[in-house]
Amino acid sequence: MDYVIVGNGVSAIGAIEGVRQHDKTGTITVVSDETVPTYGRPLISYYLSDKIKFETLPFRPEEFYERNKVTMRLGSRVLSVDPSEKVLTLDCGDKINYDKLLLATGGTPVKPNLPGIDGPGVYNFTTVAHAETLKELVDKVKKVVVIGAGLIALKAAEGFAEKGVDVTIVVRSRIMRTYFDETAGELIVDHLEKNGIRFMQGTGTKEIVRYKDGAIKGVETDKGMVPADVVIVAAGVRPNMGLAVQAGLTTEKGIRVNDYMATSDPDVFAAGDVAEAKDLLTGEYTVRPIWPNAYTQGRYAGRNMAGAENPYTGGLSMNSITYYGLPTISVGETNLADDDEFETAVFLDRENSIYRKLIFKNNVLAGCILIGAIDAAGFYTSFIKNGFELDEAGKERLMEGDPSPALWPDSFIEAMMNNP
């Protein structure tokens, strides 16, 4: 069996491991337009600020690929997929045949329709190549404007600020609104502002202004001009579905997959930020562009490519990141304050940047936001993932910050003991 994986994210790692669980001898080829093996993308801000070395970025050591007999075609771009002939055509002219194909092509940075966006001085921040480029500039620039409200925007800002650069984040609404409510967002902003990052929330970007020679002058907003030497555009990513569309696969918000991570072509699978897959809590099919889902989807795809027939149980909305030492996490449904179906419980210690919000639906924990104190995050997540029903006393314990495993159903504990 010949397996081909297109993409270089953690989905590829999961797929390799999934395939090798069931097929020890089939060939595995990974094709990526990046020039380095899979690495931890959240780490690139620390690489930019010289907190870590390049050698610490890889997600798996070189021995991993050797041990799993993986052929790497790095620096290669797939031009087309021919499902009828089961062949890929690369930009160098080479053709690669496959029996099973995984599209793990990730996301592409969104390019806002802004005057002045084309030209020197405007950058994205999603790959190690972007970080390498910005490392050449970080000691030469004085002012940076970051356009965006998500994780990439915040980590790009942190990377520059750590090097003493004056950083302003321009946000059309508020930060991290997909994962955090207003209170959590305020705590994060307050913490980052104490560390020197300036925020302009609720601010629209009108134009990237340039001097006559093309150099960046600043960013014109609806609240005035913000001077800048460099602009980082981090306005989100969209699924990179070009190959799927060209191959005639079913696409909606992402590449639509079934419970086995297969696309509309049974020999072509998709995983990660490009896949529209089942959500664990709602049962709906959606794109969840987060690391844990990407890895898990890749692993299930790999198993099923190798014939295991293991249905994917579904992804979970989750975000966990630390900003200047402030740990944060959100899991499940987190922005439902106006929905009568849900009950919320909140604890806030603003002085110490500690926040806990729990969201219940029909006596089941449906989501949580934890800022500052996140030691119990794994236990809260267990209640969310498994849908444990709670009585009033159990809910009260969770509300008080005690998600004790003693509240797990006996049947679940027995199953865990029998399947360590």
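Gly-214 takes a positive phi near 95° in the hairpin of β13 and β14, which has five residues between the strands. Strands here are DSSP runs of E with at least two residues, and helices are runs of H or I with at least four, numbered from the N terminus. This is a predicted model: local features need pLDDT of at least 70, side-chain atom pairs count only at pLDDT 80 or more, and totals for chains, interfaces and linings use all residues. Residues are numbered from 1 along each chain as its sequence is written, and side-chain values use heavy atoms, with hydrogens and water left out.

β13 (residues 205-210) and β14 (residues 216-221) are antiparallel, paired over five bridges. Two strands pair if DSSP finds at least two bridges between them. Ile-208 has Val-219 of β14 as its bridge partner. β14 also pairs with β15 (residues 224-227), again in the antiparallel sense, over four bridges. Two residues form the hairpin link from β14 to β15. Thr-221 bridges to Gly-224 in β15.

## A three-strand open sheet

The order is β18-β20-β21, and the pairing is mixed. β18 (255-256) and β21 (285-286) are the edge strands, each pairing on one side only. β18 and β20 (residues 275-278) run parallel, joined by two bridges. Ile-255 stands opposite Ala-275 in β20.

## Aromatic contacts

The whole structure holds seven aromatic pairs. Rings of Phe, Tyr and Trp (its six-membered ring) pair if their centres lie within 6.5 Å; planes under 30 degrees apart are stacked, over 60 edge-to-face, the rest tilted. Phe-59 and Trp-291 have ring centres 5.6 Å apart and planes at 70°, so they are edge-to-face. The pair links distant parts of the chain, 232 residues apart: Phe-59 is in the loop between α2 (44-48) and α3 (62-67), Trp-291 in helix α8 (residues 291-305). Phe-59, Trp-291 and Tyr-295 form one aromatic cluster.

Phe-59 is partly exposed at 22% relative accessibility. Trp-291, at 40%, is also partly exposed. The class lies between buried (under 20% relative accessible area) and exposed (over 50%), with a 1.4 Å probe and protein chains only.

## Charges over rings

The charged end of Lys-135 sits over the ring of Tyr-47, 4.6 Å from its centre. Arg-60 lies over the face of Phe-64, 5.7 Å from the ring centre. The criterion is NZ of Lys or CZ of Arg within 6 Å of the ring centre and within 35 degrees of the ring normal.
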